[in-house]
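Subject: Structure handover

Hello,

Here is the structure I said I would pass on. My notes on it follow below.

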Amino acid sequence: MASKLMHALQYSGYGGGADALKHVEVGVPDPKADEVLVKIEAATLNPIDWKIQTGVLRPFLPRKFPTIPGTDVAGEVVRAGSSVKRFKTGDKVVAILSHATGGALAEYAVAKENLTVSRPPEVSAPDGAALPVAALTAHQALTQSANIKLDGSGERKNILITAASGGVGHYAVQLAKMGNTHVTATCGARNLDFVKGLGADEVLDYKTPEGASLNSPSGKKYDYVIHGASGIPWSTFEPNLSATGKVIDLTPTPSAMMTFALKKLTFSKKQLVPLLLIPKTENFDYVVNLVKEGKLKTVIDSKHPLKKAEEAWSRIMSGHATGKIIIEP
């Protein structure tokens, strides 16, 4: 299909924000043997997408310029690579593209078979596209880093979720409440009722003194913190943690990595644990199925056509999205 052209957005260097995104016509990519070519029906952005543009992961990402950003898509398979077994032309799917190659802000993208799952008719393209990075990060943080069992079994745990109204946060609150947990959450004042509605037991406005200090209104100490906000030092977390409390940092900074190393070296019982998302097909299928069954809801902040995707980019950079930002062709 390389001779066929498609509309896409790309940037050609670090920095520049939404203004650096250029509308281009480029060749439709050809799937390799283990890939499917997907006609995109919806895509979503994550904070890591704009952070990569700023150069936070240089020289590793993006792998080359110009680059088409974004990793989370839902759509229809239009061609399957020669070794693909699970999908055929016409199948509806959700996929996570490699951060090394990106490709979501386009009409078509290629996805690895092992990072693609079926999308049942009960799951819309926007609801499906919203899931990959955000829901899988929340799921991995809770079930692997925090060892929460989502069937409600196990010992009751006190959980703090920061930035609870954002993409990862709004899934984390819902998933955590499937386990045997007491959930305290932080967000801005305008989203207090929204986060309470997701199931949080206590909600703190992060701009109030109580919210800034992360003190549980009921005096609980946190066994685990699912930390998706920025600018909170270890010294704020430490007095609020239980004796063996862990802060699971979803966006670790260099100073957070220093804290992680220091706590390991001093054999501290309280730990800061950086999380690196490792997508697994079974977890991907699991969260898609929760949406199908109505047990996990995707909250959509806003929808933008591909031809105005710069608006979506500005929105994700603002840090004030409630739920997920969707781009549609």
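Pro 66 sits in the loop that runs between α1 and β4 (72-80). Helices (H or I, at least four residues) and strands (E, at least two) are DSSP runs, numbered from the N terminus. The peptide bond that joins Phe 65 and Pro 66 is cis, with omega at about -10 degrees. Another loop, between α3 and β8 (157-161), holds Asn 147. Phi of Asn 147 is near 55 degrees, which is positive although the residue is not glycine.

Before the rest, a note on the source. This is a predicted model, in which local features need pLDDT of at least 70 and side-chain atom pairs count only at pLDDT 80 or more, while totals for chains, interfaces and linings use all residues. Residues are numbered from 1 along each chain as its sequence is written, and side-chain values use heavy atoms, with hydrogens and water left out.

Annotation

The UniProt record, an unreviewed entry, carries the annotation "domain: Enoyl reductase (ER)" for residues 16-327. UniProt positions are given in the numbering used here, feature names are shortened, and annotations may be inferred rather than shown by experiment. The span of residues 16-327 is 28% helix and 27% strand, and its end C-alpha atoms lie 20 Å apart.

Helix packing

Axes here are lines fitted to C-alpha atoms, for helices over the stretch in contact, and angles run from 0 to 180 degrees between N-to-C directions. Angles under 35 degrees count as roughly parallel, over 145 as roughly antiparallel, 65 to 115 as roughly perpendicular and the rest as oblique.

Helix α1 (residues 47-54) crosses helix α10 (residues 309-318) at roughly 95 degrees, and their axes come within 9 Å. The two are therefore roughly perpendicular to each other. On the α1 side the contact (heavy atoms within 4.5 Å) is made by Pro 47, Asp 49, Trp 50 and Gln 53, and on the α10 side by Trp 313, Ile 316 and Met 317. By class, these residues are five nonpolar, one polar and one charged. For the classes, Ala, Val, Leu, Ile, Met, Phe, Trp, Tyr, Cys and Pro count as nonpolar, Asp, Glu, Lys and Arg as charged, and the others, Gly among them, as polar.

Helix α3 (residues 132-145) packs with helix α9 (residues 281-292) at an angle of about 110 degrees, their axes 10 Å apart. α3 and α9 are therefore also roughly perpendicular to each other. Pro 132, Ala 135, Leu 136, His 139 and Gln 144 of α3 meet Asn 283, Phe 284, Tyr 286 and Val 287 of α9. That contact has six nonpolar, three polar and no charged residues.

Cavities and a pocket

On a 1 Å grid over the protein atoms alone, a cavity is a set of points where a 1.4 Å probe fits but cannot get out, and a pocket is an open set with protein on both sides within 12 Å along at least five of seven lines; lining residues have an atom within 4 Å of a point. Grid points are joined across faces, edges and corners, and a volume is the space filled by probe spheres set on the points.

There are two cavities of 30 Å³ or more. The largest cavity has a volume of about 100 Å³. Its lining has 13 residues, and Ile 52, Pro 69, Gly 70, His 99 and Gly 102 lie nearest the centre. The second largest cavity holds about 40 Å³, and β3 gives the most to its lining, with three residues. That lining has eight nonpolar, no polar and one charged residues.

The second largest pocket has about 650 Å³ of space. Of its 26 lining residues, Lys 64, Thr 101, Gly 102, Gly 103 and Val 110 are the closest to the centre. The largest share of the lining, five residues, comes from β6.

Regards
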